[in-house]
Amino acid sequence: MESNITPEFIIRYLRSLPYPDSALFQEMEQYAQQRYIPIIQKEAAQLLRVLSQLKKPERILEIGTAIGYSALHLLAGLRPGGKLVTIEKEPEMTEPAWEFLERAGKSSMVELIEDDALCVLEQLSGSYDMIFMDAAKGQYQEFFDLAFPRLNAGGILISDNVLYKGYVADGAVAEHKRRTIVQRLRAYLDMLVRHPLLDTCVIPIGDGVAVSVRKWESEKHGE
């Protein structure tokens, strides 16, 4: 869970702070590290917890489950009786994800769908108070186009990895194979900050997190 966008001494300090950290989270972090599974970085995961507790969502949509690490942070503020719908296309991820969710006592709050996110989003029903996007970075715009209509007014959209190891800020250092992703992420961020129905902040923690709030109808024209 290394970062290329924040100085190392700041990361060390942030990760030394005595945030509550369960043995299960530590086990999940080790599990991911040993198997080279990308999960949200620790300081960005804490941001998810805080945003969830501030919003107190009734329904959350997550695009990209991995082993359920971010899902457990998102569940911190879920209202009683609420539901988190999470989508993961890799079959080898869903089994450990479900096991970790059960061990945390949270599986009854979660619907885990094993399929390609684009296929699922095309057929998904209902609306959501929070949407967390942490899947194929080159497809963020496609995910957004399908998921955004499901975001309630006042709802929060969180997009992870939007600075992509710093390459998005300094495209000149990106290897040729990464340039398409960099270009797509730049276009995605430009769309977010210009979108008339969103207020967006890009935060340089973890691998870059964009937090967007869907405006209420009365705010659309700056009223």
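Residues are numbered from 1 along each chain as its sequence is written; side-chain values use heavy atoms, with hydrogens and water left out. Because the model is predicted, local features need pLDDT of at least 70 and side-chain atom pairs count only at pLDDT 80 or more, while totals for chains, interfaces and linings use all residues.

Helices (H or I, at least four residues) and strands (E, at least two) are DSSP runs, numbered from the N terminus. Strands of a sheet pair through backbone hydrogen bonds, either parallel or antiparallel. Here 7 strands form an open sheet with mixed pairing, in the order 3-2-1-4-5-7-6; two strands pair if DSSP finds at least two bridges between them. Strand 3 (110-114) and strand 6 (198-203) stand at the edges with a single partner strand each, so one side of each has no neighbour in the sheet. From one strand to the next, the twist averages 15 degrees. Within the sheet, strand 1 (residues 59-63) and strand 4 (residues 128-133) run parallel and are joined by 4 bridges. Ile63 has Met133 in strand 4 as its bridge partner.

Helix 5 (residues 91-103) lies across strand 2 (83-88) and strand 3, and runs at about 170 degrees to strand 3. Axes are lines fitted to C-alpha atoms, for helices over the stretch in contact, and angles run from 0 to 180 degrees between N-to-C directions. Helix 7 (residues 140-147) and helix 8 (residues 179-194) have axes that come within 9 Å and cross at roughly 35 degrees. In this contact (heavy atoms within 4.5 Å), Tyr140, Gln141 and Phe144 of helix 7 meet Leu185, Tyr188, Met191 and Leu192 of helix 8.

Aromatic rings of Phe, Tyr and Trp (its six-membered ring) pair if their centres lie within 6.5 Å; planes under 30 degrees apart count as stacked, over 60 as edge-to-face and the rest as tilted. By this rule there are 7 aromatic pairs. The ring centres of Phe25 and Tyr69 are 5.6 Å apart and their planes stand at 80 degrees, so this pair is edge-to-face. It links distant parts of the chain, with Phe25 in helix 2 (residues 23-34) and Tyr69 in helix 4 (residues 69-74), 44 residues apart.
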